[in-house]
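Morning, everyone. Please have a look at the structure on the screen, and then I'll walk you through a few spots.

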Amino acid sequence: VVEALETGANDVVRKGVNAKELLARLKKQHELASVYPGRAHVYVLAEGVEFNSLSGVLKTKERQQVLKGPEATLLKLLCARMNEWVSKAFLNDILWAGKTRDKEGRLQKCAMAVKDVLKEAEGVMLLQEGEGLALQVG
């Protein structure tokens, strides 16, 4: 999974995924590709709010900001699963692969940085609850 995501995959489907979930993921990717030809890497989070997952640029009505490193990766992972809870264990595995020290603290710091950036993005919010994070849009 990590290797696929690091080499540019937008999503990963594991063996054993149910057909309904697979179909929903494929429909979402098709929708992005047909609505935004050549811009499937741009997530429209709300009116006037876009995140370019390749460049790390978050555009709001007021300004644009470049996210780098783990903050950009975290937002990209959450954009791929908007309005869904994503486990902290999954996020830690991708963000800090190979590193064993203080993954939870690093994720918390990273999430707070993303949450801070999203304050200007009306209609978009990063939620934290128990063992998961979610990007709430709409």
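Predicted model: local features only at pLDDT ≥ 70, side-chain atom pairs only at ≥ 80, totals over all residues.

Three strands make up an open sheet, and their order is β5-β7-β6. The pairing is antiparallel. Which strands are at the edges? β5 and β6, and each of them pairs on one side only. β6 covers residues 124–129.

Next, S53. You'll find S53 in the loop that links β2 (49–52) and β3 (57–59). Is S53 buried or exposed? Its relative accessible area is 12%, and the cut-off for buried is under 20%, so S53 counts as buried. Who are its contacts? Leaving out residues up to four places away in sequence, S53 touches H41, Y43 and K76. Look at H41 again. A polar atom of the S53 side chain lies 2.9 Å from the backbone oxygen of H41.

Last stop, N83. This residue is in the loop between α3 (69–79) and β5 (86–87). At 47% relative accessibility, N83 is partly exposed. Its phi is near 60°, a positive value, and N83 is not a glycine. Most residues other than glycine have a negative phi. That's my tour.

How values were computed: Residues numbered from 1 in each chain as written. Heavy atoms only, no water. Helix = DSSP H or I, 4+ residues; strand = E, 2+ residues; numbered from the N terminus. Buried < 20%, exposed > 50% of the residue type's maximum accessible area, 1.4 Å probe, protein only. Polar contact = N/O pair within 3.5 Å; in protein donor to acceptor, adjacent residues only side chain to side chain. Contact = heavy atoms within 4.5 Å. Pairing = 2+ DSSP bridges.
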